[in-house]
Amino acid sequence: MTGKTWAYEDFVEGASLDLGSKNVSAAEIIEFASEFDAQPMHLDEAAGRASILGGLSASGWHTCAMFMRMLCDAFLLDSTSQGSPGIEHVKWKKPVLAGDRLSGKVTVLSKRQSRSRPQIGLVSMRSELFNQRGECVFELENTGMFLTRGAVA
């Protein structure tokens, strides 16, 4: 883990990190749903239009998976991440439809070093994804565990 850009000390309370953007295709919505969430609104455009979602819509779990990929690509894979003890909440605020372009950000809410494992820092974050109209479609709060710089030296 030496040489990782992001360690516990690099997270600043109140700072936001850009997650970049991702286009959502009908094919990937159907592929994910076929394997993991085979509800009609995630598998068929007509069924999606007939639902309250208004079109072929990504499963909420697919939205979580897309968020995780964006998070990994933005900084997590270049960090001293040791995982997470869990998620405080996740909200699917608006449908993610085929053709949407998602963008995201993570805001550092707070941080503290573990008392029992001082080589680990706990970083509480709020993550949000937005569609191309700037509407928040997804919100998640969790705590990530990151090694300190001294632990990887």
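Biologist: What makes β2 and β5 count as paired strands?

Modeller: Two strands pair if DSSP finds at least two bridges between them. β2 and β5 are joined antiparallel over six bridges, so they pass that test. Trp92, for instance, has Phe138 in β5 as its bridge partner. Bear in mind that this is a predicted model: local features need pLDDT of at least 70, side-chain atom pairs count only at pLDDT 80 or more, and totals for chains, interfaces and linings use all residues. Residues are numbered from 1 along each chain as its sequence is written, and side-chain values use heavy atoms, with hydrogens and water left out.

Biologist: Why is Asn142 called buried?

Modeller: Buried means under 20% relative accessible area, exposed means over 50%, and partly exposed is in between, using a 1.4 Å probe and protein chains only. Asn142 comes out at 14%, so it counts as buried. Asn142 sits in strand β5, where 11 of 12 residues are buried. Over the 153 residues of the chain, the buried part is 40%.

Biologist: Which residues is Asn142 in contact with, leaving aside neighbours within four places in sequence?

Modeller: Contact means heavy atoms within 4.5 Å. By that rule, Asn142 touches Ser84, Gly86, Ile87, Glu88, Val123, Ser124 and Met125.

Biologist: What makes a group of residues a nonpolar core?

Modeller: The members are buried Ala, Val, Leu, Ile, Met, Phe, Trp, Tyr and Cys residues, joined through side-chain atoms within 4.5 Å. The largest such core has 27 residues, with Phe75 and Phe146 touching the most other members. Its largest share, six residues, comes from α4. In soluble globular proteins, nonpolar side chains tend to be buried together.

Biologist: What makes a space a pocket, and how much space lies in the largest one?

Modeller: On a 1 Å grid over the protein atoms alone, a pocket is an open set of points with protein on both sides within 12 Å along at least five of seven lines, whereas a cavity is a set where a 1.4 Å probe fits but cannot get out; lining residues have an atom within 4 Å of a point. Points are joined across faces, edges and corners, and the volume is the space filled by probe spheres set on them. For the largest pocket, that gives about 230 Å³. It has 16 lining residues, and Met68, Leu71, Leu76, Ser84 and Asn142 are the closest to its centre. β5 supplies the largest share of the lining, four residues.

Biologist: How does that lining divide by class?

Modeller: Ala, Val, Leu, Ile, Met, Phe, Trp, Tyr, Cys and Pro count as nonpolar, Asp, Glu, Lys and Arg as charged, and the others, Gly among them, as polar. That puts nine residues in the nonpolar class, seven in the polar class and no residue in the charged class.

Note on methods. Helices (H or I, at least four residues) and strands (E, at least two) are DSSP runs, numbered from the N terminus.
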